[in-house]
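Hi everyone, thanks for coming along. Let me put the structure up on the screen, and then we can walk through it together.

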Amino acid sequence: MTADLSRAARETGEVLVVERLGGGLLELVARLPHLAATALPGTFAQLRCGQGTTPLLRRPFSVAWTQDDTCGFVFEAVGAGTRLLSELQPGDPLDSLGPLGHGFSVVDAGPVVCVSGGLGCAPFPLLINELRRRGVEDIFVLNGARTATRLYPASRFARPAVPVVAEATDDGTRGHHGFVTDLLGQALSSHPSALYACGPNAMLGAVMRTLVDSGAELPPTLEASLEAPMGCGFGTCLGCALPALDEAGSSVWRLCCTDGPVMAMRDVDWEGIGALPGADVA
Amino acid sequence: MSENASGAVDLGRGLILPNPVGLASGTAGYGFELDQLIDINRVGALYTKGTTVRAREGNPPPRVAETGGGMLNSIGLQNPGVDAVAAEYAPRWKGWAIQVIVNIAGGSVEEYVHCTTVLEPIDEVAGIELNISCPNIARGLDFGRDPVAAARLVAAVRAVTERCVIVKLSPNVTDIAAVARAVEDAGADAVSAVNTYIGRKIHRASGRSVLPLGNGGLSGPAIQPLALAAVAAVCEAVDIPVIGVGGIVDAASARDFLIVGASAVQVGTATFVNPETALQVLDGLRG
């Protein structure tokens, strides 16, 4: 099946600021009118990192939020591409191709639980904004990170009214001392209509395992935004295959870029995901 | 090089490309994604994803890895199979101005012949590109490395089609000119050169290969000088048209291939970075 790319377009925008949030988290704000007008929650943009041929490929980033003609992206300088983005100055051009990918199915009634691990915070402000626009008010964010400075600030998940954010850190420097999955039990007791998760694939697998092991009824809408090394981002290179389950429960490859990045958690082959080697970040 | 570097190109057997710029196999799917992103009908030719007798699921991930000025891929010829291409995709090419050339791959002469036979009655298929050079499947290079085997394959395909047959050559050989001469003698109408170079990247934290099968195929601007040397050697060896491919990112890097004797070019990996690259190359050649 051919992906619907009708919203995607390439545009050269302008960097407004690269803000240092602490702990290595960065928020890039850029004027990108097309992307701002067309991005849906969970979709992403392929951003060009520098003008040269190394790094060659664009890097995919969730559209974190939009406001008028600007967009925000949350990332960390971990490789050559993101380092170049981290060094951008106000006024620099930014080449974007997007919006791309299959986003979240946004529900019209709560309660809603958003589970974020590390940079998995990225798609949630845009999602929460859309949920609010649809009248959903009871939104609970579970936000986990390695340490306190790496927690995306609660105040940024939605403005002006901040949703309820419960935090967890691996080292106990803020909130619950442990993994974000430890907080799932209490969140499930509200019988959410939807649970959305984003974070490293291993963390997403842990979320699914925790949900299944809890024995609680799974939320009717249960979706995760996954990640994979990408070539093109628009379904032609076939490079970003991830193991999923077909209708018969057999493992098949699905493309992270066009079948995802948001997939129904029931349709993901979590065992297959768990067996993949770690990502190579350049 | 002809005076009009952007004019029509006659590849033989009635296949005339409206202009010399094509989209390389494996970087444009079957055209349906790029058709949504660019004015695909301004491009001269679409060389489809490698297509096999039966559907192939492709290789386990990770399938791509970035390198200096390039990328390695190990997709493993994921495709829906030639019957699905004929029944479901070909009707969607009806009315397209871009010439659709179906790239086919196989593990035996019979598989290539079968694919060609299935495609033969379809009006929307303008030509066949024989992929004898895929580094990412078992036996993918068997035909590409042996001039005698390559010639036998081309002769067998030649016998079942009236269409233009282009042979995509592997650079992973000692003497690419020898393979080019062999396929010309066996009845190929044109050759395209080159497919990807075999390469490897190490995940330095673990010491293992990034790509699970070890090696992949290297593409992108890093290979342009290598591809240029190979294409120059092929152009000296044969009289049939040569289509240059490998690391083209703009009109200047495309023109290099025309200078060494290629009649047409294909834009590959650069399309991933900027889907409009082929159109920019075309406009640049016209300018």
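The angles themselves run from 0 to 180 degrees between N-to-C directions, and the axes are lines fitted to C-alpha atoms, for helices over the stretch in contact. Helices (H or I, at least four residues) and strands (E, at least two) are DSSP runs, numbered from the N terminus.

Some housekeeping. Please keep in mind that this is a predicted model, where local features need pLDDT of at least 70, side-chain atom pairs count only at pLDDT 80 or more, and totals for chains, interfaces and linings use all residues. Residues are numbered from 1 along each chain as its sequence is written, while chains are lettered from A and ligands numbered from 1 in the order in which they are written.

How confident is the predictor? The complex gets an ipTM of 0.95 and a pTM of 0.96.

Let's go to the helix pairs of chain B. Take helix H5 (residues 176–185) and helix H6 (residues 224–237) of chain B: their axes are 9 Å apart and they pack at an angle of about 40 degrees. H5(B) and H6(B) are therefore oblique to each other. Their crossing is right-handed; a crossing is left-handed if the near helix is turned anticlockwise from the far one by less than a right angle, and right-handed if clockwise. On the H5(B) side, the contact uses Ile176(B), Ala177(B), Ala180(B) and Arg181(B), and H6(B) brings Ala230(B), Ala233(B), Val234(B), Glu236(B) and Ala237(B). By contact I mean that the C-beta atoms of two residues, placed from the backbone, lie within 7 Å. This contact has 7 nonpolar, no polar and 2 charged residues. In that scheme Ala, Val, Leu, Ile, Met, Phe, Trp, Tyr, Cys and Pro are nonpolar, Asp, Glu, Lys and Arg are charged, and the others, Gly among them, are polar.

Next, helix H3 (residues 109–119) and helix H4 (residues 147–158) of chain B pack at about 30 degrees, with axes 9 Å apart. That makes H3(B) roughly parallel to H4(B). Here Val109(B), Tyr112(B), Val113(B) and Thr116(B) of H3(B) meet Arg152(B), Leu153(B), Ala156(B) and Val157(B) of H4(B). The classes are 6 nonpolar, 1 polar and 1 charged. The crossing of H3(B) and H4(B) is right-handed.

How do H7(B) and H9(B) lie, roughly parallel or roughly perpendicular to each other? Helix H7 (residues 251–259) and helix H9 (residues 277–286) of chain B pack at an angle of about 65 degrees with axes 8 Å apart, and they are therefore roughly perpendicular. Ala251(B), Ala254(B) and Arg255(B) of H7(B) face Val281(B), Gly284(B) and Leu285(B) of H9(B) in the contact, which divides into 4 nonpolar, 1 polar and 1 charged.

Now over to chain A, which is divided into domain 1 (9–100) and domain 2 (112–274); such bounds come from an automatic or database domain assignment. The centres of the two domains, taken over C-alpha atoms, are 21 Å apart. In chain A, 24 residues of domain 1 are in contact with 22 residues of domain 2. The domain 1 side of that contact holds 15 nonpolar, 7 polar and 2 charged residues.

And the contact between the chains? Chain B gives 31 residues and chain A gives 28 residues. On the chain B side, helix H1 (34–37), strand E5 (64–67), strand E6 (70–73) and helix H8 (270–273) each supply at least two residues. That side of chain B has 15 nonpolar, 11 polar and 5 charged residues.

Last, some backbone details. A cis peptide bond joins Thr54(A) and Pro55(A), with omega about -5 degrees, and Pro55(A) sits in the loop between E3 and E4 of chain A. Gly110(A) and Pro111(A) are also joined by a cis peptide bond, with omega about -5 degrees. In chain B, Arg13(B) has a positive phi of about 55 degrees although it is not a glycine; Arg13(B) lies in the loop between strand E1 (9–12) and strand E2 (15–17) of chain B. Thanks, everyone!

Terms used: Angles under 35 degrees count as roughly parallel, over 145 as roughly antiparallel, 65 to 115 as roughly perpendicular and the rest as oblique.
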